[in-house]
Amino acid sequence: MAIAAAGAACVVFVLLGLLVYRAVAASTAVQFDELLQQQATLALRYADHEYGEGDTVVPPAPAAAFPPAMPFDVIYQIGTRSGQVLYRSPRAPAAPLTAGEGPGCTNVALSGRWWRTCSLGSRSTPLVIHMAEPLDYRAALLSRTMRAVAVPLSFALVLLTVLIGLVTERAFRPVRRIAAELAERRDDDLSPVNTAEMPVETHGLGVALNGLLARQAEVLARERRFTADAAHELRTPLASLRVQAQVAARAGSAAERRSALDKLQANIDRTTHLMSQLLSLSRLEPGSSLFIPEQVTEAQRVVDLVMEDLAPGARDKQVAIAVSGCHHEVPGSPEVLYLLLRNLLENSIRNVSTGGRVALEVAARDAQALLTISDDGPGIPCAERSRAFERFYRIPGSAPGSSGLGLSIVGRIVELLGGEIELASPATGTGLVVTVTLPFTSAHAQARSAA
């Protein structure tokens, strides 16, 4: 970064030097032209005075040849508007310094040198004066001026480069310290870094890094808790599977073996269900491909899949399922809504008695979608509702075969979709009413309002 800043400073100083050169060149040119014009004015006044004294305008021009001019010579000619040269300075050429009689300054090439010539005509006499100065003198003076300016500019550039290096090194010292500290940490050390000594320019980086470490620590803690809970919950069904397999192997009759194999199959089904829910829960994380912003799904598309999967279990218990309002759209992807509805309906079907009733209603209100699942089962006591969404928590008196993950999956989905979930009792009788409120995104809500 110090090299980049020094390079930028060099570019700035080069541009500054060019601007200074152009400004000095323009300023000196104007000053020299004004000086030539002042000299021409004084000489013209003297010539006008001589012209009014007698018949001769000025003394005759010298017949000497045009000697080489000195580096700083200023020459002049006095002539008429017709181009006749009446008088010239000793080193001035015999030929007119410039053509015409118009006032102004121009560059003229004479004897291999360039001259700056300023012409001025008299208002009372026919005289015209041409005052010239070599451009070499101006170039030499401009060169000396620029050399005088270049020395402090070069020194300032070197000093600025050194200061940039020192300031950059000091500013990034805390960053290098943090980098060294992070390199020496253990893999599981996600404690925040010290940002107190960091400068303002890099303090935001330290704060963002601490935020990332905090999020990673939360994810790691969640994964550890999930792994511990899963290992604990899988230990019991796996042990049960082992016992049932040993019983089947030691069975003395076909009836005993058949009974043991049936129990083994039931345990395998429960373990498979538990593993399926564990995998579903592990996929419910922010940023997952299951959660696509602004995605909505028609409820009928998801309800058909859920009913198809739960129909055998509902038919075995003779549970009647009533569905209404499936023409509405619901926020979320089909995969997420499938997990949400399947777990809610499966939980209701498992807990209702044989011949019970379960109802699903989908509705839209303002910028929200409402999913209401009600049943006539035993319900959940008010004291247990606050823990109903904890992982692996089984409500006392719940139906056998529950893994304690269904409502936990539902709660996590609702949280990631930015919605709310409420457990309540029906107005009459026993049972449970689960109301899920999912908000639409602002763009989709505006489109619904316009429609």
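Student: Which residues does Ser122 touch, not counting those up to four places away in sequence?
Tutor: Ser122 touches Leu44, Asp48, Arg81 and Leu127. Contact here means heavy atoms within 4.5 Å. This is a predicted model, in which local features need pLDDT of at least 70 and side-chain atom pairs count only at pLDDT 80 or more, while totals for chains, interfaces and linings use all residues. Residues are numbered from 1 along each chain as its sequence is written, and side-chain values use heavy atoms, with hydrogens and water left out.

Student: Where is Ser122 placed?
Tutor: Ser122 is in the loop between β4 and β5 (127-134). Strands are DSSP runs of E with at least two residues, helices are runs of H or I with at least four, and both are numbered from the N terminus.

Student: Is Ser122 buried or exposed?
Tutor: Ser122 is buried, as its relative accessible area is 4%. Buried means under 20% relative accessible area, exposed means over 50%, and partly exposed is in between, with a 1.4 Å probe and protein chains only.

Student: What lies 3.3 Å from a polar atom of its side chain?
Tutor: The backbone nitrogen of Ser124 lies at that distance from the Ser122 side-chain atom.

Student: New topic. How many aromatic pairs does a search of the whole structure find?
Tutor: The search finds two. Rings of Phe, Tyr and Trp (its six-membered ring) pair if their centres lie within 6.5 Å; planes under 30 degrees apart count as stacked, over 60 as edge-to-face and the rest as tilted. In one of the pairs, Phe32 and Tyr137, the ring centres are 5.6 Å apart and the planes are at 75 degrees, so this pair is edge-to-face.

Student: What about the rings of Tyr76 and Tyr87?
Tutor: Their centres are 6.3 Å apart and their planes are at 40 degrees, so that pair is tilted. Tyr76 belongs to strand β1 (residues 75-80) and Tyr87 to strand β2 (residues 85-88), so the pair ties together parts 11 residues apart in sequence. Tyr76 is partly exposed at 24% relative accessible area, and Tyr87 is partly exposed at 23%.

Student: Back to α2. What span should helix α2 have?
Tutor: Helix α2 covers residues 135-171, and at 1.5 Å a residue its 37 residues should span 54 Å. The expected span is 1.5 Å times one less than the number of residues. The end C-alpha atoms of α2 are 52 Å apart, which agrees.

Student: Which residues of α2 are buried?
Tutor: Arg138, Leu142, Met146, Ile164 and Thr168 are buried there.

Student: Last one, the strands. How do β9 and β10 run?
Tutor: Strand β9 (residues 357-365) and strand β10 (residues 368-375) run antiparallel, joined by eight bridges. Two strands pair if DSSP finds at least two bridges between them. Arg365 stands opposite Gln368 in β10. The hairpin has two residues between the strands, and Asp366 takes a positive phi near 55 degrees.

Student: Which residue in β12 is opposite Gln368?
Tutor: Gln368 stands opposite Pro439. Strand β12 (residues 432-439) is antiparallel to β10, with eight bridges joining them.

Conventions:
Polar contact = N/O pair within 3.5 Å; in protein donor to acceptor, adjacent residues only side chain to side chain.
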